[in-house]
Amino acid sequence: MTVAKSQPTHTPALDVERVRGDFPALYQRVHDKPLVYLDNAATSQKPQAVIDTLDDYYRRYNANVHRGLHKLAELATEAYEHARITVARFLNAPDAKQIVFTRGCTEAINLVAASWGGANLKPGDEILVSQMEHHSNIVPWQLIAEKTGAKVVMIPIDERGQINLDTYHALLNDKTRLVAVTAVSNSLGTINPIKKMIELAHAAGAVVLVDAAQAAPHMAVDVTDLDVDFLAFSGHKVFGPTGIGALYGRAELLEAMPPYQGGGEMIEQVTFEKTTFAAAPTRFEAGTPHIAGAIGLAAALNYVTAIGFDKIVTYENELLAYGTEALQAVEGLTLIGTAEHKAAVFSFTLDGIHPYDMSPVLDHEGIAIRTGHHCTQPVMDKFAIPATVRASLSFYNTPAEIDALVSALQKVKSLFS
Ligand code: 7TS
C-alpha cells in the first residue's frame with residue numbers, strides 16, 4: 001500500500017524583481033555602473049509607498065499635532081496616533097500607549113538609561129551588556145552607571161561572534177538590574193537567543209532592553225511573545241524615514257518612569273510652584289514630534305508586513321547561504337562573524353589589504369558597502385582587527401549583486417597584489 005506523503009508547508013517565494021521595482025533609488029547608476037546597494041545595516045532604501053506618504057502629508061495635512069482645533073491639525077493628529085497603533089501592531093504590543101516615538105534607536109536607549117536607569121540604579125548594581133553591542137547600547141549605560149554608581153558588566157562573545165548561554169547565565173546574579181542586548185548584531189550578523197536570555201534575566205529579577213535596530217527589517221519582532229521589558233528600533237533601517245524610531249515599554253515600567261526631557265505637550269499642569277506630567281507615552285514626547293516621520297514609518301511597516309516576514313526570512317537565508325559560499329571562495333578573505341544563527345551580513349577582511357583601501361575601489365564599481373568598526377569597537381578588539389568591510393543585505397538584493405561584489409573584490413586584489 002502506498003501512503004500519500006503530506007505536502008511540506010512551503011512559503012511562496014519572494015518576487016525580488018517585483019519588490020525592487022518599489023524602490024526608485026535602486027535604479028541608479030553610480031560612477032557609470034548600476035548601483036549595488038549593500039549598506040542596509042546603515043540605512044535601507046525607501047519604497048515608493050513611503051515617499052508618497054511623506055509627500056501627501058506635506059502637501060495636504062501638514063499641521064502640528066494635539067494642539068490645533070482646525071481640520072488639518074485634526075488630520076495630522078489622527079494620522080500620528082494611528083501610526084502609533086501601527087507600530088504597536090507591528091511589534092504585537094498589547095497597547096499603543098506602550099509605544100513612545102523617539103528620534104531613533106539611539107534616543108530610545110538613552111531614554112531608558114536616563115529615565116529608568118536614573119530612577120532605579122544604585123551603587124553596586126550591575127548592568128549586563130554584550131560585547132557585540134552597537135555603541136548606542138553601551139555608552140548610555142556607561143553614562144548612567146557613572147552617575148548612579150552602578151557597574152557595566154560585559155557579556156563576552158566567542159570566536160564565531162556568539163553569546164554562550166551558560167556564560168551569560170553565570171553572569172546573572174542578585175545585583176543584576178538590567179540586561180541590554182541586541183537581537184541581531186550589526187557588524188557580525190549574529191542572531192542572539194534573546195527569548196531565552198530574557199527568560200533567564202527575569203528569573204534573576206532583572207529587566208531587559210532589546211535593541212531591535214537590526215532585527216526589525218529582517219524578522220518578526222513580537223514583544224508579547226518575547227515578554228521583553230523594553231525594545232528599541234529605528235525607522236530608517238526598516239524602510240522608513242530617518243529621524244524617527246520607537247521605544248516599546250512594559251506598561252507598569254513606563255508609568256513609573258520620570259520624564260526624559262521637559263517641554264511642551266509632556267505636561268499635565270505647569271505652575272512655577274509645581275509641574276505635573278502627562279501619562280506615558282506623552283510624558284516622553286516633549287516638543288513637536290517628527291509627525292511626517294511617524295506617518296512615514298507606519299507606511300514602511302505596512303509595506304514590509306504586506307510582503308511578509310515569512311517570505312523575507314526565507315529569501316534572505318538564501319542570500320546568506322549564497323553569499324557565504326561565494327565570499328569564502330575568495331582567496332585570502334576572512335569572514336568575521338560566523339554564528340550558527342545569522343542575518344545576511346558579511347563582515348570581512350582581505351589578507352594584506354587594509355579595509356579602507358578597498359572602499360574606493362568598490363565604490364568605483366558602484367558597490368555601496370561600509371568600512372570601519374561599525375560603531376562596535378569592542379567587536380573589533382575581540383577579533384584584533386581595526387575594521388572590516390561590511391556588506392549588509394536586504395530582501396531587494398540579488399545573488400547577481402553578490403557576484404558583482406565578488407568580482408569587484410577580485411579587482412581589489414589584482415590592484416593591490
Ligand atoms: N543598534 C544597532 C544594532 C545598530 O545597528 C544601530 C545603527 C543602532 C543601534 C543605532 O541606530 P540609530 O538609527 O539610532 O543610529 N547601526 C548602524 C550601522 O551598522 N551602520 O550605520 C549605523
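Biologist: Which residues does Ala-25 touch, not counting those up to four places away in sequence?

Modeller: Ala-25 touches Leu-35 and Gln-45, where contact means heavy atoms within 4.5 Å. This is a predicted model, in which local features need pLDDT of at least 70 and side-chain atom pairs count only at pLDDT 80 or more, while totals for chains, interfaces and linings use all residues. Residues are numbered from 1 along each chain as its sequence is written, and side-chain values use heavy atoms, leaving out hydrogens and water.

Biologist: Why is Ala-25 called partly exposed?

Modeller: Its relative accessibility is 22%; buried means under 20% relative accessible area, exposed over 50%, and partly exposed in between (1.4 Å probe, protein chains only). Ala-25 therefore counts as partly exposed.

Biologist: What makes strand β10 largely enclosed?

Modeller: In β10 (residues 245-249), 5 of the 5 residues are buried, so the strand is largely enclosed by the rest of the structure. Strands are DSSP runs of E, at least two residues long, and helices are runs of H or I, at least four, numbered from the N terminus. Gly-245, Leu-247 and Gly-249 are buried on one side of β10, and Ala-246 and Tyr-248 on the other.

Biologist: Why are α11 and α14 called roughly parallel?

Modeller: Helix α11 (residues 309-328) and helix α14 (residues 399-416) pack at about 20 degrees, with their axes 10 Å apart. Angles under 35 degrees count as roughly parallel, over 145 as roughly antiparallel, 65 to 115 as roughly perpendicular and the rest as oblique. The two helices are therefore roughly parallel to each other.

Technical notes: Axes fitted to C-alpha atoms, helices over the stretch in contact; angles between N-to-C directions.
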